[in-house]
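Reader: I'm new to this one and would like a close look at a single part of it. Could you pick one piece and walk me through how it sits in the whole?

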Amino acid sequence: DRLIEHIKKMANTSEEFVPEAPELPVGNETVDEATRRKRFALYLEGNLGGKWDQMPIKYLMEDFTDEEKAIVRRAIDDIQLKSCIRFEEIPDYPLDNTPYVVYIKENYATFCGLSNVGRTGVENPIWLNFACTDQILGTAIHETLHTLGMDHEHIRYDRDDFITLERDNLDPQALDLYEYGDFDSYTSYGVKYDYYSIMHYSAYLAVLDPAKPGLKALQGLTKF
């Protein structure tokens, strides 16, 4: 099926294939407010073929319940609220070659969300695992931003000025998730590093000892 083929394809690339970290509130924030404050990341620039060159971006959802559809629509509304990007929900697969996003429900045990970075063809799938109930809204936003061309905050070329990798406490099989982004393909556009970006991994993702972080902030923060 498409998911298995996609996983095989991603196994030969540097794409992620891990559970997304939960978007945790800070102070008196609600979970929704915590999701809304997330923003910055690394932007696809060098690969023009991966960019979306027409608006609105069409999208559809495969066999979702009304509640699941509402979560995806909230994620899309959040992106539209904070950007000039516009989406159009369509009822079925387009008959022409117009690129589109398709959200697919998949209860695969090893991830909460999965997608490519940037537009990869006519069909651009985003897999969501709704069993990850406490973080599915943040995951839907995260994976949609990947599909739009945004990569992870913590792989920026200047990340060593802001975080330290605790490599002894990171799963060796996950270290490739922390490799620097391709300088020729991505830019930060000079945007300030954001520890709380929705595109930043949790400090405790893929750690060997869950009592200790795998990432540490260098700018005075005790947690992020």
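**A close look at one strand**

Author: The protein has 4 helices and 10 strands, where helices (H or I, at least four residues) and strands (E, at least two) are DSSP runs, numbered from the N terminus. This is a predicted model, in which local features need pLDDT of at least 70, side-chain atom pairs count only at pLDDT 80 or more, and totals for chains, interfaces and linings use all residues. Residues are numbered from 1 along each chain as its sequence is written, and side-chain values use heavy atoms, with hydrogens and water left out.

Going along the sequence, the order of elements is α-α-β-β-α-β-β-β-β-α-β-β-β-β.

Now for the piece itself, strand 4, which covers residues 100-105. Because 5 of its 6 residues are buried, strand 4 is largely enclosed by the rest of the structure.

Strand 4 has a partner in strand 2 (residues 57-62): the two run parallel and are joined by 5 bridges. Two strands count as paired if DSSP finds at least two bridges between them. Within this pairing, Tyr100 of strand 4 stands opposite Lys58.

Strand 4 also pairs with strand 6 (residues 123-128), again in the parallel sense, over 6 bridges. Here Ile104 has Trp127 of strand 6 as its bridge partner.

Definitions and conventions
Buried < 20%, exposed > 50% of the residue type's maximum accessible area, 1.4 Å probe, protein only.
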